[in-house]
Amino acid sequence: MRLNATALIRSAVGVVWLVVAMTLGAELSAPFKAYLAELTGHHWVSKSLIAAAAFVLFYFLLKSFGESRNILRSVLCLVVCVVLGGLIIFGFYLWHFLNG
């Protein structure tokens with residue numbers, strides 16, 4: 001079985017934004033954070049399991065699309081998304097710390 005690199009990269013991009021959304025959502029919504037904690041005992045464990053399941057789901061949904069001819073461009077997009085997602089989470093926590 002040959003893996004579709006483009007689908008793997010796009011799945012990773014989707015998971016990055018899912019984790020960013022879940023992280024901000026858990027911090028802004030106490031009931032959502034409590035729900036995540038109820039699932040596995042800790043909200044971070046739940047987010048990790050959801051992210052892993054989403055990655056697999058995204059891959060199977062995207063693998064039917066063809067391979068990109070420019071994998072480097074896709075990887076750079078993934079790197080940019082990781083950096084932006086990290087900056088968004090960092091900025092949120094910094095804003096929360098300064099205003100809290």
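The model is predicted, so local features need pLDDT of at least 70 and side-chain atom pairs count only at pLDDT 80 or more, while totals for chains, interfaces and linings use all residues. Residues are numbered from 1 along each chain as its sequence is written, and side-chain values use heavy atoms, with hydrogens and water left out.

The protein has four helices and zero strands. Helices (H or I, at least four residues) and strands (E, at least two) are DSSP runs, numbered from the N terminus. Along the sequence the pattern reads α-α-α-α. The C-alpha atoms fill a box of roughly 50 × 30 × 15 Å, taken along the principal axes. Of the 100 residues, 27% are buried. Buried means under 20% relative accessible area, exposed means over 50%, and partly exposed lies in between (1.4 Å probe, protein chains only). Contacts, defined by heavy atoms within 4.5 Å, were also sorted by sequence separation. Among those with a separation of 6 or more, 75% join residues 24 or more positions apart.

Two packed helices are described by the angle between their axes and the distance between the axes. The axes are lines fitted to C-alpha atoms, for helices over the stretch in contact, and angles run from 0 to 180 degrees between N-to-C directions. Angles under 35 degrees count as roughly parallel, over 145 as roughly antiparallel, 65 to 115 as roughly perpendicular and the rest as oblique.

Helix 1 (residues 5–28) packs on helix 4 (residues 71–99) at an angle of about 5 degrees, and the axes are 9 Å apart. The two helices are therefore roughly parallel. On helix 1 the contact includes Ala5, Trp17 and Thr23; on helix 4 it includes Ile71, Cys81, Gly85, Phe92 and Tyr93. By class, this contact has 19 nonpolar, four polar and one charged residues. Here Ala, Val, Leu, Ile, Met, Phe, Trp, Tyr, Cys and Pro count as nonpolar, Asp, Glu, Lys and Arg as charged, and the others, Gly among them, as polar.

Three residues of helix 1 were examined individually. Ala5 lies in helix 1 and is partly exposed, with a relative accessible area of 28%. Leaving aside residues up to four places away in sequence, Ala5 touches Glu67 and Ile71. Ala5 and Phe55 are 50 residues apart in sequence, and their C-alpha atoms are 13 Å apart. Trp17 also belongs to helix 1. Trp17 is partly exposed at 31% relative accessibility. With residues up to four places away not counted, Trp17 touches Cys81, Leu84, Gly85 and Ile88. The C-alpha atoms of Trp17 and Ala51 are separated by 9.9 Å, across 34 residues of chain. Thr23, again in helix 1, is buried, with a relative accessible area of 1%. Beyond residues up to four places away in sequence, Thr23 touches Trp44, Lys47, Ile89 and Tyr93.

Helix 2 (residues 30–40) and helix 3 (residues 43–62) have axes that come within 7 Å and cross at roughly 80 degrees. Helix 2 is therefore roughly perpendicular to helix 3. Lys33, Leu36, Ala37, Leu39 and Thr40 of helix 2 meet His43, Val45, Ser46, Lys47, Leu49 and Ile50 of helix 3. By class, six nonpolar, three polar and two charged residues form this contact. Lys47 also lies over the face of Trp44, at 3.9 Å from the ring centre. A charge sits over a ring if NZ of Lys or CZ of Arg is within 6 Å of the ring centre and within 35 degrees of the ring normal.

Aromatic pairs were then considered. Rings of Phe, Tyr and Trp (its six-membered ring) pair if their centres lie within 6.5 Å; planes under 30 degrees apart count as stacked, over 60 as edge-to-face and the rest as tilted. The count comes to three aromatic pairs. Tyr59 and Phe60 form an edge-to-face pair, 5.7 Å centre to centre with 75 degrees between the planes. Tyr59 is buried at 9% relative accessible area, whereas Phe60 is partly exposed at 49%. The ring centres of Phe92 and Trp95 are 6.1 Å apart and their planes are at 40 degrees, so this pair is tilted. Phe92 and Trp95 are three residues apart in helix 4, which means a separation of about one helical turn. Phe92 is buried at 13% relative accessibility, whereas Trp95 is exposed at 51%. Phe92, Tyr93 and Trp95 form one aromatic cluster.
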